[in-house]
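Visitor: I would like a close look at a single part of this model, with the cut-offs spelled out as we go.

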Amino acid sequence: MRKILITGASSQIGAAIAGKVVMEGDHVILQHFRNRTPCLPLKERFGVNCNLVSVDFSDRGALEVFCRNLGEVDTVVNVAAATVTGLLPTLTDADIQRMLEVNIMATIMICRAVLPAMVNRRGGCIVNISSVAATRANRGQSVYAGTKGFIESFTRAMAAEYGSRGIRINCVAPGPIEAGSLRELLSLAPEEVKQSIAGNRLGTPGDVATAVAFLCDPGASFINGQTLHVDGGFMKGV
């Protein structure tokens, strides 16, 4: 039986990942913040083996308590993210700090918490959710894109440090996915965005979940330190 942690599980992408990755008999921790409603069908599906945990990752004290209580975890999927769109001079200190805390510090601290037990067991799997913004940023994404660029570099370095211990750490970088806050942005110019995608369609949370499930599967045991782009061939941005 695996113990799985999925952060940001109340997002459409997080819920889809939980639905694909968690198998019968697994014990799963689903982290959410304000809205637990999207997690309730997952709780009903997984039953007593599913724990819903509400944590604000921008609250360092709450994050520290969460990490201390994790115990041994076999698989981690770091989905939780904060996105504030705006040109840099318009972003408040609070906006910037929230993105740094949720997107960077939470990932670092969760990985630091689970790695020692993974090292002792000589095995474990971590998948960090990045973004196409890390490599093809657009206006209003400077800080957010920077946090995701960090996640990809961090992932490669962690794989270099712990790959010899049987631990795999990879990224999935979604592109234009019709979900969450991006859906609102896409509504402003959907055809323009579609024309920038080789696949000529927007992605779905299920597309991202399938990629994550693949990387979590033992069949992907020779894939480490990589970023898998799930973007339909996105060719927009710098």
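Which side chain does Arg98 meet in a salt bridge?

Guide: This is a predicted model, in which local features need pLDDT of at least 70 and side-chain atom pairs count only at pLDDT 80 or more, while totals for chains, interfaces and linings use all residues. Residues are numbered from 1 along each chain as its sequence is written, and side-chain values use heavy atoms, with hydrogens and water left out.

The side chain of Arg98 meets that of Asp56 at 3.3 Å, N to O, where a salt bridge is a side-chain nitrogen of Lys or Arg within 4 Å of a carboxyl oxygen of Asp or Glu. This pair links distant parts of the chain, since Arg98 lies in helix H4 and Asp56 in the loop between strand E3 (50-54) and H3, 42 residues apart; helices (H or I, at least four residues) and strands (E, at least two) are DSSP runs, numbered from the N terminus. Arg98 is partly exposed, with a relative accessible area of 28%, on a scale where buried means under 20%, exposed over 50% and partly exposed in between (1.4 Å probe, protein chains only).

Glu101 is buried at a relative accessible area of 8%, whereas Arg60 counts as partly exposed at 32%.
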